[in-house]
Structure formats: structure tokens, C-alpha cells
Amino acid sequence: MKHLTKLFITVLAAVMVLSACGNGDSGKSSDSKEDEKTTKIKHAMGTTEIKGKPKRVVTLYQGATDVSVALGVKPVGAVESWVQQPKYDYIKDDLKGTKMVGQEPSPNLEEISKLKPDLIVASKVRNEKQYEQLSKIAPTITHDTVYKFKDTTKMMGKALGKEKKADELLSKYDDKVAQFKEDAKAKYGDEWPLSASVVNFRPDHARIYASGYAGDILHDLGFKRPEAQQKQVDKGKDIIQLTSKESIPLMDADHIFMFNSDETAKDAELTKKTKKDWTSSNQWKNLKAVKNDNVSDNVDEITWNMAGGYKSSLKLIDDLYEKLDIKKQS
């Protein structure tokens, strides 16, 4: 009897040990499955399979760099900023240790390869020719363009296994948009919504950013596009180039927001000359926004155009509160 009791206890102990081992293996198996999980991302250049949750990310356009930081993933590599090189001031503290891998249209493939990335985020408009080479280095996903920050946030959220975080970010943006509409309506009353133009001068022409980064955000916020500009957007034009002062009336709106190009550029003086020439013309002086002193000159070029990301979109909305002297109601 004692022998049977000892045998029973021995068997029971063995079963408990195996059970404990089984529980431990189950935990490891779950982690392993997460690491081995494959996500398919449909993007501008095809479909890419991504294994696990990428941690070493290289971003090849400014908006993707911004979004990566917003999602809590510091890129191991990123392209240089257009101005304030090599990193925009508003984000440089978040990119300490990030390796610069060239410029958007011509990233350094050798430097990218050295970083051993497990995900590359590129754009078709900039990197179509390099896509196959990039894909040989690491799984590469692309967006058609470089300024659709909401699309970039969704795409990167899925690729990085951070869909919940991406949803939270976009929900925060939507809340900020809704608050702005409420506050703008409180200030302008029946005059709201206002129409708006985003204008930029170049050495030999002027531009209206009817859609694009700032244009799309203004549209989200409830601003109207002038009818003539909307017709161009309907034809697929984001940027309207004006080569003659006779076209200045296309700029007219209730409010004009103007950003200047890099003052350190070689052609900066020519740009200043063009701006002075155009804004001293009768066509400019006859614009409704000019007559009513509703022109915001020198809005930040990076926030309004070059950054193209999620974090900068929130900065743009904050900038509008200041430029239009809108008070927050709650």
C-alpha cells in the first residue's frame, strides 16, 4: 500500500511538472506566433508581406517620418528635411540617433542597407524607380504621394502592428477639427464657413495650393475652396501655377494664407522680387481678402507645406487659431 501511495505521489508530481512546462511553452508559443504573424499591406506599388512587428524602420518622405514618431517608433533611418537640414526643428528632438540616408528623390541605398531595416516606408511619387531595389533590402510599402498624412497613418499603423494607436491619433485629429469648427462658428457666426486660399511665390511664378497638404486640412476644418479653385481640384490639380499677374484673381478668397520659400535658397532674391512685383499690382490690391486686410503673410512653410505629417497637422490647426484670433470655447 505504501508502495502504491509513493507511486501515486510520484506520478502526480510528474503530471504537475509537465503541466507547468506546458503553460510556459504556451506563453512562449503565443509570443512566437505574434512574432511570426504575417500582415499583408496593399499599397501604391503592390502588396507587401510583413512578418511580425517591425522595429527598425526607414522612412523616405517627411510625412512618414513624422507619422512614425507619432506612432511611437523612432526611425533608424530617414531622409533629410528640405530646409532646417538635416531635421526639422519641430521634430529633431524625436530623431536623436536617427541616421540620415540622403534626400527624398535619391535616398542612399547603401546606407539604408547598412541599417538592416525590417520595414521601409517610401512614396511612389519619389521612389518608384528605386522600389525594386528597396524591396530587396527590406519589405517596402509606398503611398502614391507624400502629403496624405491620414492615409500614411493608417498604412503605417497596420504595417507596424499599431492599428489601435493609429486610430487613436486620427480620432484626436477629428476631435481637434470638430473643436475648431465650433470655435470658428462662435467667432464668425453666419459668415462661417470662410473661403480660403493658400498662396506661395516662386522666382518666376506664383502657386495656389488648392488641395495638397494645407488645402486638405483647411477643407477638413470647414473652409470653402473658391469656386474657380474647386474646379481645378475636380480636374485632379492640387497646385495651380500662375505665370501671369492676370491670373491673380484666382487667388481671391475671404482669407489668404501665404507662405514664403526658403530665404537661404540661391533664387531667394528673385522670389522676393516676384512677390513684391505681384503684390504691388492692381490685380492684387483689388482682391477681396487684400481690401479687407485678411491676408496672413509668412505662415510657416514647414508646418503648412513641407512637413506633411500628423504632428505638423495639429501644429497647423493651432497656427490657425493664432492667425485668425479664434478663441477656444471649451
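Tutor: Quick ground rule before we look at this predicted model: two strands pair if DSSP finds at least two bridges between them.

Student: OK, so what makes E8 and E9 a pair?

Tutor: Strand E8, residues 119–123, has 4 bridges to E9, in the parallel sense. At least two are needed, so E8 and E9 count as paired. Within that pair, Ser-123 stands opposite His-143 in E9.

Student: And why are E5 and E9 called edge strands?

Tutor: Strand E5 (99–100) and strand E9 (140–143) each pair on one side only. You can read that off the open sheet of 5 strands, with order E5-E4-E3-E8-E9 and parallel pairing.

Student: How do you know that helix H2 packs on the sheet?

Tutor: Look at what H2 (residues 62–70) touches: strand E3 (57–59), strand E4 (77–78) and E8. A contact means heavy atoms within 4.5 Å, so H2 has atoms within that cut-off of E3, E4 and E8. The direction of H2 makes about 145 degrees with that of E3.

Student: What does helix H6 touch?

Tutor: H6 (residues 149–159) packs on the sheet too, touching E3, E8 and E9. Its direction makes about 165 degrees with that of E9.

Student: Zooming out, what makes a residue count as buried, and how many do?

Tutor: Buried means under 20% relative accessible area, and 45% of the 330 residues of the chain count as buried. The chain as a whole has 14 helices and 14 strands.

Technical notes:
Residues are numbered from 1 along each chain as its sequence is written. This is a predicted model: local features need pLDDT of at least 70, side-chain atom pairs count only at pLDDT 80 or more; totals for chains, interfaces and linings use all residues. Side-chain values use heavy atoms; hydrogens and water are left out. Buried means under 20% relative accessible area, exposed over 50%, partly exposed in between (1.4 Å probe, protein chains only). Axes are lines fitted to C-alpha atoms, for helices over the stretch in contact, and angles run from 0 to 180 degrees between N-to-C directions.
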